[in-house]
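Please consider the structure shown below together with its sequence.

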Amino acid sequence: MRTGGTTPRPSTRLQLARVALDAALTVAGVVGPVGALESATATARDRVPGVLVVALNDRRYDVSLHLIAAVVPLHDLADRIRERVVRAATAAGLARALGPVNVVFEDVVAGEARAGR
Amino acid sequence: MAEEPRSRKTASQAVTAGEEISPLAAERGATRIADAVVTKVAGIATHEVPGVYALGGGAARAIGTMTQAVGMSARTAQGVSVEVGEREAAVDLTIVVDYGESIPRVAQEVRENVIRRIEGITGLSVTEVNVTVDDLHVPGEEEEAPARVE
């Protein structure tokens, strides 16, 4: 007798959100995601803070990361984040779903130049 | 179940619409820097200059002391006002200078350091940094209240 239900596979949107955020947090200079509700990707079951993934009309998804950073050159940091996200999405088999990766620095924190995780 | 594409505005859409904060388009997406970031960088850069005792006018400092005590604000934001465009930023600062320091020298160093830090960190070009010296800090003038608990 089968017991319990199957866990539904996460949507591409949610997978992209997780992959993008995890990748961004590994970049030195990224302190963390912002916690605001409007900057999160959420379903009824899950919530990924600091990343907003929105479907485009070409089957790809626009990824916007809303981050808190250390006080470092932010455009270089954004480029490194973008590279890391693209690499992680490719490794996860999500390269074709990945559209533009926007990086929004919402705040900076002095003395927090830690690498992510 | 397939999810409905959402109608919320993304960063790139906001950039296209010319909204808010400084967008800089890159090949694979845009980078935006919030006003709060420019404000904080300006505040930190100001504090780095010897001779600057505090940021903000009297009222701002009093309110800042209270809000910091309850963790609601950073000392780097008070006394700083920024105007941020797509590529440029203008900064207004209100500072308190230590008594005995040369005010023109401190103001000039603040200006140079704020420009260097904002341009280096955010890539924005700083068009002006206006410095208002609101007060002088004289040592002993405002004794810190003794701690009530150890």
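The following account begins with conventions and then turns to the architecture.

This is a predicted model, in which local features need pLDDT of at least 70 and side-chain atom pairs count only at pLDDT 80 or more, while totals for chains, interfaces and linings use all residues. Residues are numbered from 1 along each chain as its sequence is written, chains are lettered from A and ligands numbered from 1 in the order in which they are written, and side-chain values use heavy atoms, with hydrogens and water left out.

Chain B contains four helices and six strands, where helices (H or I, at least four residues) and strands (E, at least two) are DSSP runs numbered from the N terminus. Along the sequence their order is α-β-β-α-β-α-β-β-α-β. Of the 150 residues in chain B, 40% are buried, that is, under 20% relative accessible area with a 1.4 Å probe and protein chains only. Among the contacts in chain B with a separation of 6 or more, 65% join residues 24 or more positions apart; contact means heavy atoms within 4.5 Å.

Two helices of chain B, H2 (residues 35–47) and H4 (residues 103–122), pack with their axes 8 Å apart and at an angle of about 140°. Axes are lines fitted to C-alpha atoms, for helices over the stretch in contact, and angles run from 0 to 180 degrees between N-to-C directions. H2(B) and H4(B) are therefore oblique to each other, since angles under 35 degrees count as roughly parallel, over 145 as roughly antiparallel, 65 to 115 as roughly perpendicular and the rest as oblique. On the H2(B) side the contact is made by B:Val38, B:Val41, B:Ala42, B:Ala45 and B:Thr46, and the residues from H4(B) include B:Val110, B:Asn113, B:Arg117 and B:Ile121.

The largest nonpolar core has 64 residues, of which A:Leu65, A:Leu74, A:Ile81, A:Phe105 and B:Leu93 touch the most other members. Such a core is a set of buried Ala, Val, Leu, Ile, Met, Phe, Trp, Tyr and Cys residues joined through side-chain atoms within 4.5 Å. Helix H1 (residues 12–25) of chain A supplies the largest share of this core, nine residues. Beyond its neighbours within four places in sequence, A:Leu74 is in contact with A:Ala69, A:Phe105, A:Val108, B:Ile33, B:Val37, B:Ile121 and B:Thr122.

A:Ala17 lies in helix H1 of chain A and is buried, with a relative accessible area of 0%. Leaving aside neighbours within four places in sequence, A:Ala17 is in contact with A:Thr41, A:Val48, A:Val51 and A:Val53.

Technical notes: Buried < 20%, exposed > 50% of the residue type's maximum accessible area, 1.4 Å probe, protein only.
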